[in-house]
Amino acid sequence: MWFYMKNSNLPTHHFKWLALFAVGLVVISACGGNPVVTPTSAPADTDATPPAATAAAYPMPSASPATEATPTPPEAYPGPVETALPAPNCASPATPLPALTEGPYFKSGSPERASLLDEGVVGTPLILTGYVLTPDCQPIANALLDFWQADGDGVYDNAGYRLRGHQFTDENGYYRLETVVPGLYPGRTEHIHVKVQPPGGAVLTTQLFFPDVTENQGDGIFSPLLLVTFTESTDGLTARFDFVVGGG
Ligand code: FE
């Protein structure tokens, strides 16, 4: 090499590149001229336990995106149908109802029942509801109501208890009577007899009347203070009357 360098006319920097090339040849020769083989990785050891996944290698998915449909609220359960009681027709201080004659057809010992609609009863069915109240409009629970009346033809049952019956107001002072519209009989307009007695109180004996009955004006017992009020209903003919009684 040095010989070549000294006897050559080539520029000096060419000799430097030649020198580097020569050194490279020497290195390759020293290694036997075989290509350098890069060690491969060891064959897979199928029995080896694979490395546990790390959080860094397998980040857990974040919370699922809100792809679920918003749940539909359950339909409101209608629940049992409850009919709210009407407010009492009463303005405090209320005047107790007037007493009216008992008449000749009262019979004690009527059966306890809210419906007087025995089979074969003649007349237009009527549902009468209302309260028994004190003069300051407080409902009276467990008040006695004893009703008797003529049928639709104006006939009383004096042998038995047809269209006769008693009941007690509930815890709200409320009552409900199923009956028929009473008919006319000589000298009288349409009316229902009743005895009302608060627990431990005095008995009020009186009568109820119906609006727009021609015979009301010719009846010496009739009182406009005792007119029932017909009410709108899908249950047939319905009417309302609240009893205001003194004491209790
Ligand atoms: Fe009568």
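## Basis and overall fold

This is a predicted model, in which local features need pLDDT of at least 70 and side-chain atom pairs count only at pLDDT 80 or more, while totals for chains, interfaces and linings use all residues. Residues are numbered from 1 along each chain as its sequence is written, and side-chain values use heavy atoms, with hydrogens and water left out.

The protein chain contains 2 helices and 9 strands; helices (H or I, at least four residues) and strands (E, at least two) are DSSP runs, numbered from the N terminus. Along the sequence, their order is α-α-β-β-β-β-β-β-β-β-β. Of the 248 residues in the protein chain, 32% are buried. Here buried means under 20% relative accessible area, exposed means over 50%, and partly exposed lies in between (1.4 Å probe, protein chains only). Contact means heavy atoms within 4.5 Å. Among contacts in the protein chain between residues at least 6 apart in sequence, 71% join residues at least 24 apart.

Strand 1 (residues 125-133) and strand 4 run antiparallel and are joined by 7 bridges; two strands pair if DSSP finds at least two bridges between them. One of the links is that of Leu-126, whose bridge partner in strand 4 is Thr-179. Strand 4 (residues 174-180) is mostly covered, with 5 of its 7 residues buried.

## The iron site

The protein donors of the iron ion are Tyr-156 (OH), Tyr-185 (OH), His-191 (NE2) and His-193 (NE2), at 1.9 to 2.3 Å from the ion. Donors are N, O and S atoms within 2.8 Å of the metal (3.2 Å for Na, K and Ca); water is not among the atoms, so sites may look incomplete. The angles among the 4 donor atoms span 90 to 156°, and the site is irregular. Four donors count as tetrahedral if all angles lie between 85 and 135 degrees; four count as square planar and six as octahedral if opposite donors are over 155 degrees apart and all others between 65 and 115; anything else is irregular.

In sequence, the donor residues of the iron ion follow the spacing Y-x28-Y-x5-H-x1-H. Tyr-156 belongs to the loop between strand 2 (144-148) and strand 3 (164-168), and Tyr-185 to the loop between strand 4 and strand 5 (191-197), so the pair ties together parts that are 29 residues apart in sequence. Tyr-156 is buried, with a relative accessible area of 10%, and Tyr-185 also counts as buried, at 16% relative accessibility.

## The disulfide

A search of the whole structure finds 1 disulfide, a pair of cysteine sulfur atoms within 2.5 Å. The sulfur atoms of Cys-90 and Cys-137 are 2.0 Å apart, and the link is left-handed, with -85° about the S-S bond. The pair links distant parts of the chain, 47 residues apart: Cys-90 is in the loop between helix 2 (12-30) and strand 1, and Cys-137 is in the loop between strand 1 and strand 2. Cys-90 counts as partly exposed at 24% relative accessibility, whereas Cys-137 is buried at 14%.

## Nonpolar cores

A nonpolar core is a set of buried Ala, Val, Leu, Ile, Met, Phe, Trp, Tyr and Cys residues joined through side-chain atoms within 4.5 Å. The largest has 31 residues, and those with the most contacts inside it are Leu-128, Val-132, Leu-145, Val-196, Leu-208, Phe-241 and Phe-243. Strand 1, strand 2, strand 4, strand 5 and strand 6 (204-209) each give two or more residues to this core. Leaving out residues up to four places away in sequence, Val-196 touches residues including Val-132, Leu-145, Ala-202 and Phe-243. Another core, of 5 residues, lies apart from the largest one; among its members are Ala-94, Leu-133, Tyr-174 and Val-244.

## Individual residues

The peptide bond from Ser-92 to Pro-93 is cis, with omega near -5°. Pro-93 is found in the loop between helix 2 and strand 1.

Thr-206 is placed in strand 6 and counts as buried, at 0% relative accessibility. Thr-206 and Leu-100 are 106 residues apart in sequence, yet their C-alpha atoms are 4.3 Å apart in space. Beyond its neighbours within four places in sequence, Thr-206 is in contact with several residues, including Pro-98, Leu-100, His-193 and Leu-226.
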